[in-house]
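I opened the model to go through its folds and contacts one by one. These are my notes, in the order in which I looked things up.

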Amino acid sequence: MHDRGNAGSRMTEANWRSYVRTNLASQRLVPPLSEEVIEELAAHLHDVYQDALRLGLSLEIAFARANREAADWRRLAKSIRHARKEEDPMSHDAKTLWVPGVSTLVIASLFGMTMTRLLVVLWGQPRATLLVAGPWLCSYFVFGALGAFWSRRVGGARWKRFLSGTFPATLHLATFLAIVVSAVISETRPLAFFARVFVFWVIIPAAALALGTLPFLRNPAAKAVPAAS
Amino acid sequence: MIATLPPKMKRGSAELAILAVLAECPLHGYEIARRIEAQTGGVLRLTLASLYPMLYRLEARGWIAGKWQTQANGRSRRAYRLTTAGRKKLAPLRAEWRLFFKALDRLAGVADA
């Protein structure tokens with residue numbers, strides 16, 4: 001469905017958005033394509049149109065030239081829908097945030113359990129806590145880096161890389177909350193105790209994880225995007 | 001696009017073209033199409049209908065990543081960049097196509113003889 005009435009007047013980017021929305025809506029896709037897709041397609045058509053006008057073509061010919069880009073709206077809508085699902089059983093969020101984040105959490109937990117066993121074995125020896133806590137804390141730099149690297153590798157945005165790397169901190173936070181709840185129910189502890197536990201059990205490990213993510217928060221090919229002429 | 005190529009080849013050549021131009025710098029959709037057309041002397045031309053399904057497919061695979069950016073002229077455009085996974089995929093893709101064209105070249109040489 002093409003609205004030929006648009007051809008006679010100068011099209012703005014907002015006009016193109018409405019034009020794309022109307023043409024895609026007429027395909028009755030359930031669920032409809034996202035606003036982000038509509039905006040991107042409209043921007044492309046607007047650029048084609050503007051280039052045509054810059055070449056000195058009339059409004060009608062410029063409109064026709066832009067309109068030719070879409071060719072068949074039904075086919076285009078279906079191709080986009082198909083492309084977004086194809087070869088991607090997982091959503092982008094799952095691939096770039098949940099899988100790297102949860103995997104890092106599992107690996108860090110397994111390592112933590114091993115270190116706890118080691119602490120039990122070494123218990124009673126001088127500096128046993130330091131011998132265990134030192135390498136355990138250092139491992140958090142590595143786990144933070146692992147989560148962020150994994151997410152970046154599959155195209156995760158910067159915030160997703162950060163969250164993937166710091167994901168094991170959620171386990172610490174959950175444990176801390178469990179300690180707080182059990183303490184409230186069964187015993188009275190001074191506030192300083194909770195503050196100390198919070199710093200040593202949540203803040204310091206989270207900071208180590210966050211530091212580990214830093215080298216992977218930069219984009220490898222971050223260059224300026226040229227403006228459309 | 002080259003009308004006579006079978007769909008799989010069309011898709012393969014378009015994938016290579018998109019990854020290759022994005023290896024140079026991040027670009028938005030229209031710029032990708034223009035650059036491919038310019039660099040192939042107009043032989044390979046991607047329209048809106050052929051470009052965006054391909055971009056979304058490559059993004060779903062994690063080879064490219066799109067991000068909205070505001071340009072100097074105030075317009076918002078979704079710029080695509082090659083991810084690490086995409087960069088790794090580009091080298092074998094180039095090698096496959098080089099091999100393919102060498103094979104065709106050898107075949108054409110035999111036919112001409």
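**Chain A, elements.** I counted nine helices and zero strands in chain A. Here helices (H or I, at least four residues) and strands (E, at least two) are DSSP runs, numbered from the N terminus. From the N terminus on, I read the elements as α-α-α-α-α-α-α-α-α.

**Ground rules.** The model is predicted, so I kept to its limits: local features need pLDDT of at least 70, side-chain atom pairs count only at pLDDT 80 or more, and totals for chains, interfaces and linings use all residues. Residues are numbered from 1 along each chain as its sequence is written, while chains are lettered from A and ligands numbered from 1 in the order in which they are written.

**Confidence.** I looked up pLDDT, the predictor's confidence in each residue, from 0 to 100. Chain A averages 83, and 86% of its residues score at least 70. I noted residues 221-229 of chain A, where the pLDDT is below 50; beyond near neighbours in sequence, the stretch has 21 contacts in the model. A contact means two C-beta atoms, placed from the backbone, within 7 Å.

**Burial and range.** I found that 30% of the 229 residues of chain A count as buried. The cut-offs, with C-beta atoms placed from the backbone, are 20 or more other C-beta atoms within 10 Å for buried, 12 or fewer for exposed, and partly exposed in between. I also took the contacts in chain A between residues at least 6 apart in sequence: 69% join residues at least 24 apart.

**H2 against H3 in chain A.** Helix H2 (residues 35-54) and helix H3 (residues 59-70) of chain A pack at about 145 degrees, with axes 8 Å apart. Axes are lines fitted to C-alpha atoms, for helices over the stretch in contact; angles run from 0 to 180 degrees between N-to-C directions. On the H2(A) side I listed A:Leu45, A:Val48, A:Tyr49, A:Ala52 and A:Leu53. H3(A) brings A:Ile61, A:Ala62, A:Phe63, A:Arg65, A:Ala66 and A:Glu69. I sorted the residues of this contact into nine nonpolar, no polar and two charged. The classes are Ala, Val, Leu, Ile, Met, Phe, Trp, Tyr, Cys and Pro as nonpolar, Asp, Glu, Lys and Arg as charged, and the others, Gly among them, as polar.

**A:Glu60.** Is A:Glu60 buried or exposed? This residue of H3(A) is exposed, because 12 other C-beta atoms lie within 10 Å. Its C-alpha atom is 10.0 Å from that of A:Tyr49, 11 residues apart along the chain.

**Chain B, sheet.** I found an open sheet of three strands in the order E1-E3-E2, with antiparallel pairing. E1 and E2 of chain B stand at the edges with a single partner strand each, so one side of each has no neighbour in the sheet. Strands pair if DSSP finds at least two bridges between them. E2(B) and E3(B) share seven bridges; B:Gly66 has B:Tyr80 as its partner. E1(B) and E3(B) are joined by two bridges, and B:His28 partners B:Ala79. In the hairpin of E2(B) and E3(B), with five residues between the strands, B:Gly74 takes a positive phi near 90 degrees. H3(B) lies across E2 and E3 of chain B, at about 115 degrees to E2(B).

**Interface.** I counted 31 residues from chain B and 31 residues from chain A in the contact. On the side of chain B that touches chain A, H3(B) gives the most, with seven residues. That side divides into 15 nonpolar, nine polar and seven charged.
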